[in-house]
Number of protein chains: 2
Amino acid sequence: MKKGQESSKKVSMEITILKVAEELFVEKGYSATSTVEIASKAGCNQALVHYYFRTKANLFNKILESKISFMVSAFDYIDNKELSFTENLTKTIEMHFDALTKDKKLPIFVLNEIKNNDNNNVLDIIREIFRNKISFLLDKLDAILQEEIKAKRIREISALDLVLTIVSLNIFVFLAYPIVDYVLSVNEKGVELIIQQRKKEIVSTILNSLRP
Amino acid sequence: MKKGQESSKKVSMEITILKVAEELFVEKGYSATSTVEIASKAGCNQALVHYYFRTKANLFNKILESKISFMVSAFDYIDNKELSFTENLTKTIEMHFDALTKDKKLPIFVLNEIKNNDNNNVLDIIREIFRNKISFLLDKLDAILQEEIKAKRIREISALDLVLTIVSLNIFVFLAYPIVDYVLSVNEKGVELIIQQRKKEIVSTILNSLRP
DNA sequence: GATTTGTTTAATAGCTCTATTAATAACGAT
DNA sequence: ATCGTTATTAATAGAGCTATTAAACAAATC
């Protein structure tokens, strides 16, 4: 049998369900999404969702975990020795921003599911990621910052504060996205333009704020 | 009958329901909150919730509207003629921050209900508030900024960008609140301290970023 | 004290949702 | 072609939810 052709024609229903569920959960949140709706949009019987994933919570956790990992990985600090601190910082901010641009609804989804943290382990997942990645990242950044501060090239600031500032400014653009979209009632292209202008402004703001 | 005593002893059930509903909706969101739960926590029969507010959506909209109004009103720009631009700006940032401190779960609640904007009129409420208040506020701020820019006391920046920056930095502290709380597992007092330090850092960041 | 008006409850109809079970269809290997 | 495994569906139990209705209760008015 022609495996290559098969896989391009007939995507397995298990994967279809996963994709549809991802879309719906991110769009509407956990409690507002039903397995009935997932099945209907995936084009299968509702029992099949439970056949593959047993429970709704199970299916949800699988998706959430991958989403959170993605969100954090997007923030890996670039430590390119050939670039200056300013250039590295600019690139990091822009990369984080661009990652969010590709998945605009992700921040509000993750933040919201953290808040509705009953019976599921959202915060445990995050804590694990924090232990494995973020604290290491902060240490590295802290060392770099101390060097810059000593050389009087930037003002006194902690790595945590800098990261928080970057994340705050970047994420909020996409949290406010539906508001901007609706209130200003601009078209798709217009919104894209506003977002790109905002990206420049964020970089300026952060670089300026660091001057000694 | 002793009206004064009555009202202090026996709060009307209608108001109790409203308060409980507010708490639950903000805590868990619209779809995860049931009228059964509201009634049970208010100490009355579930039918009473519908007697006073007819539908769940009705009750929810009443609450949401008041919450959004509060969130925006907290950001009224102080235009104190006796203070310098820098002093006014500092005070505005701090007032906005303090308002959020008093209602930490509000931002994520409002943002989330905006996202889940089906069948309800969340965005229409916001648009109305925008028309009535925010656009006026932005115009006023823009005039002030232009003056400062002309006098070369600050760099080139639009009112919208400045407001977005303030709101981003302030709100994100409280969006990330459950994470900080859990990941760093500090006590109530520790969290309060971190929040106050962050407030100072945000003011510094913004003021520094505006230097010409 | 009887009557009207407003408040609260019990009961329930009618949905929708999750999860399970048993039966059927599809398919790959023998 | 047959068998065994995997995928899929129909049916349904059991629970919870919203909203309505009719009846009971309390309080104010006459």
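The model is predicted, and local features are taken from residues with pLDDT of at least 70. Chain A has eleven helices and zero strands, so its pattern along the sequence is written as α-α-α-α-α-α-α-α-α-α-α. Of the 212 residues in chain A, 28% are buried. Among contacts in chain A that join residues at least 6 apart in sequence, 65% link residues at least 24 apart.

Contact between the two involves four residues of domain 1 and six residues of domain 2 of chain A. On the domain 1 side, the residues that touch domain 2 comprise two nonpolar, one polar and one charged.

The next topic is how chain A and chain B are arranged. Two copies of a chain are related by a rotation about an axis and a shift along it. Here, chain A is superposed on chain B by a rotation of 180° with 0.0 Å of shift along the axis, at an RMSD of 0.1 Å. This is the relation of a two-fold axis. Within chain A, A:S209 has the C-alpha nearest the axis, at 1.9 Å from it.

The contact between the chains involves 32 residues of chain A and 32 residues of chain B. On the chain A side, two or more residues come from each of helix 7 (106-115), helix 8 (122-150), helix 9 (159-175), helix 10 (177-183) and helix 11 (188-210). Helix 9 of chain A gives the most, with eight residues. By residue class, the side of chain A that touches chain B divides into 16 nonpolar, nine polar and seven charged. Because 100% of the interface residues of chain A are also interface residues in chain B, the copies meet through the same surface.

In soluble globular proteins, nonpolar side chains tend to be buried together. The largest nonpolar core in this model has 83 residues. The residues with the most contacts inside that core are A:A21, A:I38, A:F172, B:A21 and B:F172. What does B:F172 touch, leaving aside its neighbours within four places in sequence? B:F172 is in contact with A:V167, A:S168, A:I171 and A:F172.

The DNA strands can be taken one at a time. Around DNA strand C there are 18 residues, of which A:S34, A:A47, B:M13, B:N45 and B:A47 come nearest. Helix 3 (35-42), helix 4 and helix 5 (56-73) of chain A, along with helix 4 of chain B, each supply at least two residues of the surface near DNA strand C. The residues of that surface divide into nine nonpolar, six polar and three charged.

Around DNA strand D there are likewise 18 residues, and those that come nearest are A:M13, A:C44, A:N45, A:A47 and B:S34. For the surface near DNA strand D, at least two residues each come from helix 4 (46-53) of chain A and from helix 3 (35-42), helix 4 (46-53) and helix 5 (56-73) of chain B. That surface holds nine nonpolar, six polar and three charged residues.

Some single residues remain. A:Y177 lies in helix 10 of chain A. A:Y177 counts as buried because it has 20 C-beta neighbours inside 10 Å. A:Y177 and A:E94 are 83 residues apart in sequence, and their C-alpha atoms are 18 Å apart in space.

A:M95 is in helix 6 (residues 85-102) of chain A. With 15 other C-beta atoms within 10 Å, A:M95 is partly exposed. A:M95 and A:D76 are 19 residues apart along the chain, with 9.1 Å between their C-alpha atoms.

Which value does phi take in A:K152? Phi of A:K152 is near 55°, a positive value in a residue other than glycine. A:K152 sits in the loop between helix 8 and helix 9 of chain A, and A:K152 is exposed, with 8 other C-beta atoms within 10 Å. In chain B, B:R54 is found in the loop between helix 4 and helix 5. B:R54 has a positive phi of about 60° although it is not a glycine. B:R54 counts as exposed, with 10 C-beta neighbours inside 10 Å.

Technical notes. Residues numbered from 1 in each chain as written. Chains lettered and ligands numbered in written order. Predicted model: local features only at pLDDT ≥ 70, side-chain atom pairs only at ≥ 80, totals over all residues. Near = placed C-beta within 6 Å. Helix = DSSP H or I, 4+ residues; strand = E, 2+ residues; numbered from the N terminus. Nonpolar A, V, L, I, M, F, W, Y, C, P; charged D, E, K, R; others polar. Least-squares fit on C-alpha atoms with pLDDT ≥ 70 in both. Contact = placed C-beta atoms within 7 Å. Core = buried A, V, L, I, M, F, W, Y, C linked by C-beta atoms within 7 Å. Buried ≥ 20, exposed ≤ 12 C-beta atoms within 10 Å, placed from the backbone.
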